[in-house]
Amino acid sequence: MPELVFFSGTMDCGKSTLALQIEHNRSARGLQGMIFTRDDRAGEGKLSSRLGLVTDAVEAAEGFDLYAHLVETLSQGGRCDYVIADEAQFLAPEQIDQLARVVDDLELDVFAFGITTDFRSKLFPGSQRLVELADRIEVLQVEALCWCGARATHNARTVGGRMVVEGAQVVVGDVDAGSDIGYEVLCRRHHRRRMTAASARAAALSPDVLPVDAGGVRDSAV
């Protein structure tokens, strides 16, 4: 039976890489898929991974009807054996409903990939709808790590190197520390404390608040 499968995880856990791997494996067996994406880091109409792999995709912009696009493609003699939807967290809930309809009415497997929560630890509407509708949810096993070495579970947004918890839910950026708006994965403890790798280094390099005179301590102990 065809399924709507939601592959979820934090940034840096290999979601887009897995999407590209599924595309490669199935196309190598003679199958033809339809790839949708939204706001990919590589630009409009692209599916890319941080490993440098990239392929063409259909940009599912706001108001785009994924089901209608597939029906039109098939009615014009096109072929589609499966569907991949990357950056699915950016899709609107009604677009997720369209993906579910693709599974139920067109009987095609749909593989959706996305992060679950935003930089404020709030569910993306698209991800919430996927959790509600998916036949199966797969948490990716490639663990992203916080700067402290613990398993990263939260996505943080940084502006000028400092973590922020206010602003628009969707702002396209990357993990490149050189950009003004960036993203970093953190464990829950350091997300709560708003402590990124940069702020942790700054704290480690700052002088002691109450410096101790080692000589004075020795004298008083004699």
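In this predicted model, three strands make up an open sheet in the order E10-E9-E11, with antiparallel pairing. Strands (E, at least two residues) and helices (H or I, at least four residues) are DSSP runs, numbered from the N terminus. Two strands count as paired if DSSP finds at least two bridges between them. Strand E10 (162–164) and strand E11 (181–186) stand at the edges; each has a single partner strand, so one side of each lacks a neighbour in the sheet. Neighbouring strands of this sheet are turned by 45 degrees against each other on average, direction ignored. The axes are lines fitted to C-alpha atoms, and angles run from 0 to 180 degrees between N-to-C directions. Six bridges join strand E9 (residues 154–159) to E11 in the antiparallel sense. Val 159 has Ile 181 in E11 as its bridge partner.

Residues are numbered from 1 along each chain as its sequence is written. Local features need pLDDT of at least 70, side-chain atom pairs count only at pLDDT 80 or more, totals for chains, interfaces and linings use all residues, and side-chain values use heavy atoms, with hydrogens and water left out.

Strand E6 (residues 82–85) pairs in the parallel sense with strand E2 (residues 33–37) over four bridges. Ile 84 in E6 is the bridge partner of Ile 35. E6 also runs parallel to strand E7 (residues 109–114), again joined by four bridges. Here Ala 85 stands opposite Ala 112 in E7. From E6 the chain crosses through helix H3 (residues 93–106) to E7, and this β-α-β crossover is right-handed. That is, with the strands pointing away from the viewer, the path from the first strand over the helix to the second runs clockwise.

Both faces of E6 are covered. Tyr 82 and Ile 84 are buried on one side, Val 83 and Ala 85 on the other. Buried means under 20% relative accessible area (1.4 Å probe, protein chains only).

Methods
Buried means under 20% relative accessible area, exposed over 50%, partly exposed in between (1.4 Å probe, protein chains only).
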